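Please have the sequence and the structure in view.

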Amino acid sequence: MLMNVKNDGLKPDVYTYTAVMDGFYKVGRSNEAMELLNEAIERGVTPNVVTLIHLHHVIEIGHIPWTITFNNVIQALCGVGKIDKALLLLFLMYEHGKIPSRTLYDTLIKKLDQQP
């Protein structure tokens, strides 16, 4: 379905990606959901609250996202000024033994330095 949308020249938005990710989660295909999340971020789509809730559910059922997924989501959140959500996700990342990239640390430090 999503491939058809892209092939028709349409640009999927956060709602489209989140809906398809939700379908993957519901049928137990969390790896595909995580791949789709990475694709969305690479295409400039910033996760919304619903997307983050789905990510949290995937973690709760024991499917820990790849380090790159954590890095991508946290950087996307920083890019739109959602530092509080980025930090919460960073703590989840640490809890599951994932090591953030140096670039992620640089991004977080710069964004925190910009906070009033």
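Q: Is P100 buried or exposed?
A: The model is predicted, with local features needing pLDDT of at least 70 and side-chain atom pairs counted only at pLDDT 80 or more, while totals for chains, interfaces and linings use all residues. Residues are numbered from 1 along each chain as its sequence is written, and side-chain values use heavy atoms, with hydrogens and water left out. Buried means under 20% relative accessible area, exposed over 50% and partly exposed in between (1.4 Å probe, protein chains only). Because the relative accessible area of P100 is 6%, P100 is buried.

Q: Where is P100 found, and which residues does P100 touch, not counting residues up to four places away in sequence?
A: Helices here are DSSP runs of H or I with at least four residues, numbered from the N terminus. P100 is found in the loop between helix 6 and helix 7. Contact means heavy atoms within 4.5 Å. Not counting residues up to four places away in sequence, P100 touches N71, L90, M93, Y94 and Y105.

Q: How is helix 2 oriented relative to helix 3?
A: Axes are lines fitted to C-alpha atoms, for helices over the stretch in contact, and angles run from 0 to 180 degrees between N-to-C directions. Helix 2 (residues 14–26) and helix 3 (residues 30–42) pack with axes 7 Å apart, at an angle of about 165 degrees. Angles under 35 degrees count as roughly parallel, over 145 as roughly antiparallel, 65 to 115 as roughly perpendicular and the rest as oblique. Therefore helix 2 is, relative to helix 3, roughly antiparallel.

Q: How many nonpolar, polar and charged residues are in the contact of helix 2 with helix 3?
A: Helix 2 contributes Y17, V20, M21, F24 and Y25, and helix 3 contributes S30, E32, A33, M34, L36, L37, E39 and A40. Ala, Val, Leu, Ile, Met, Phe, Trp, Tyr, Cys and Pro count as nonpolar, Asp, Glu, Lys and Arg as charged, and the others, Gly among them, as polar. By class, this contact has ten nonpolar, one polar and two charged residues.

Q: Which residues does M21 touch, not counting residues up to four places away in sequence?
A: M21 is found in helix 2 and is buried, with a relative accessible area of 1%. M21 and L37 are 16 residues apart in sequence, and their C-alpha atoms are 7.5 Å apart in space. Not counting residues up to four places away in sequence, M21 touches A33, L36, L37 and T51.

Q: Which residues have the most contacts inside the largest nonpolar core?
A: A nonpolar core is a set of buried Ala, Val, Leu, Ile, Met, Phe, Trp, Tyr and Cys residues joined through side-chain atoms within 4.5 Å. The largest one has 31 residues, and those with the most contacts inside it are L37, L55, V73, I74, L89 and L108. At least two residues of this core come from each of helix 2, helix 3, helix 4 (49–60), helix 5 (67–79), helix 6 (83–95) and helix 7 (102–114). The residues asked for are L37, L55, V73, I74, L89 and L108.

Q: Which residues make the contact of helix 3 with helix 4?
A: Helix 3 and helix 4 pack with their axes 11 Å apart, at an angle of about 145 degrees. The contact is made by S30, M34 and L37 of helix 3 and T51, L55 and V58 of helix 4.

Q: How is helix 4 oriented relative to helix 6?
A: The axes of helix 4 and helix 6 cross at roughly 10 degrees and come within 12 Å. Therefore helix 4 is, relative to helix 6, roughly parallel.

Q: Which residues does N38 touch, not counting residues up to four places away in sequence?
A: N38 lies in helix 3 and is buried, with a relative accessible area of 7%. Not counting residues up to four places away in sequence, N38 touches W66, I68, T69 and N72.

Q: Is N72 buried or exposed?
A: N72 has its place in helix 5. Leaving aside neighbours within four places in sequence, N72 is in contact with N38 and I41. Because its relative accessibility is 14%, N72 counts as buried.
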